[in-house]
Amino acid sequence: MITSALASRAEVIKWMEDFVGEKISEFLKTVEDSWQPADLLPDATVDNFFDEVKELRERARDLSYDLLAVLVGDTITEEALPTYESWLMTIEGLPKDPQGPWMKWNRAWTAEENRHGDALNRYLYLSGRINMREMEASTQYLIADGFDLQTDDDPYRSFVYTSFQETATNISHRRVAQIAKKQGDNQLAKLCGHVAADEARHAKAYKAFVGKIFEADTNEMMLAFEDMMRKKIVMPAHYMRELGVDLGKTFGHFTDAAQRIGVYTSADYTDILEGLIKEWKIETLTGLDEAGERARDYVMALPNRLKRVADRMKIPELEYKFRWIA
């Protein structure tokens with residue numbers, strides 16, 4: 001154990017290497033044990049491929065407009081993976097040894113995530129409901145534009161972000177799966193369910209990383225948690241845009257669609273925060289200084305504040321037509 005009063009962030013992250021190595025095998029799967037997109041979609045090598053595609057298209061025909069919009073937005077988000085891997089590599093104090101636990105985690109996490117965009121993209125292409133060129137342009141925009149998660153290349157803030165965001169992604173994909181099943185598309189439901197299960201494992205890992213940091217550097221971790229919640233957690237696709245549409249507008253319409261069908265709402269944001277407070281035992285932390293205590297007070301009071309705001313919010317009406325949807 002290291003002395004938290006003297007610990008720098010780099011020392012804490014270095015101290016965690018053995019812990020991270022253990023979590024790789026606990027929260028990530030080997031390639032041999034992983035599902036692949038080809039397991040979930042029509043196989044072009046078999047004679048009945050076109051029959052399977054026809055059936056897929058018939059099921060997709062009944063999917064609602066908002067569900068398609070959310071599904072496209074989720075796909076674009078997943079396909080911007082090069083940005084996310086690059087971002088993780090910029091975190092200060094993260095050991096860059098290619099064979100070290102942190103870099104192994106980053107590569108293995110990226111490898112699992114990479115399957116998500118492939119599977120969703122392939123489904124949308126076969127569905128016949130999507131203008132693929134428009135969607136592909138949005139993906140290129142998102143990777144080129146990058147993002148600002150306001151984590152300041154800080155490992156503590158970065159892992160608060162990933163703990164929150166991976167949980168949110170799990171909720172989104174799981175809800176899409178549930179809605180797709182209700183609308184008669186069990187194949188899409190199964191696909192999104194597989195993606196959601198990956199995101200759940202990843203969320204558990206990042207929450208465990210933060211929990212370990214709380215052990216070593218309680219006060220600084222508490223301050224980082226507070227800072228991220230004051231800034232608000234923005235989704236990685238907040239710069240999402242369509243051809244000919246100003247930066248920022250498309251993401252707002254995407255979140256409106258998600259709220260209308262209950263895929264991801266302001267109530268979910270609050271629920272995730274409450275879950276993190278419980279997960280990291282914020283209420284019973286010891287060793288906080290005056291600033292740390294103020295940070296804890298802010299975070300503990302935040303869910304009720306957010307609930308009051310959410311109660312006053314109206315569900316947006318469908319007023320926007322996405323260029324993505326044919």
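Here's a quick look at the nonpolar core, the aromatic pairs and the charge-over-ring contacts in this predicted model.

Start with the core. The largest one holds 103 residues, and Y123, F159 and F225 touch the most other members. Helix α9 (residues 186-216) supplies the largest share of this core, with 13 residues. Skipping anything up to four places away in sequence, Y123 touches L41, L56, A60, L63, L71, D185, L188 and L191.

C192 is also found in helix α9. Its relative accessible area is 0%, so C192 is buried. Leaving out neighbours within four places, C192 is in contact with L71, L120, H173, V176 and A177. I130 sits 62 residues from C192 in sequence and 17 Å from it in space, C-alpha to C-alpha.

Now for the rings. The count of aromatic pairs comes to 18, and here are two of them:

| Pair | Centre to centre | Angle between planes | Geometry |
|---|---|---|---|
| F49 and F50 | 5.2 Å | 65° | edge-to-face |
| W109 and Y206 | 6.4 Å | 80° | edge-to-face |

W109 lies in helix α6 (residues 101-127) and Y206 in helix α9, so this pair ties together parts that are 97 residues apart in sequence. W109 is buried at 6% relative accessible area, and Y206 is buried at 1%. In the other pair, F49 is buried at 15%, whereas F50 counts as exposed at 66%. Ring pairs also link W102, W105, W109, F159, Y206 and F209 into a cluster.

Finally, the charges over rings. The charged end of R241 sits over the ring of Y141, 3.8 Å from its centre. K321 lies over the face of Y65, 4.8 Å from the ring centre.

Note on methods
Residues numbered from 1 in each chain as written. Predicted model: local features only at pLDDT ≥ 70, side-chain atom pairs only at ≥ 80, totals over all residues. Heavy atoms only, no water. Core = buried A, V, L, I, M, F, W, Y, C linked by side-chain atoms within 4.5 Å. Buried < 20%, exposed > 50% of the residue type's maximum accessible area, 1.4 Å probe, protein only. Helix = DSSP H or I, 4+ residues; strand = E, 2+ residues; numbered from the N terminus. Contact = heavy atoms within 4.5 Å. Phe/Tyr/Trp six-rings, centres within 6.5 Å; stacked < 30°, edge-to-face > 60°. Lys NZ or Arg CZ within 6 Å of the ring centre and 35° of its normal.
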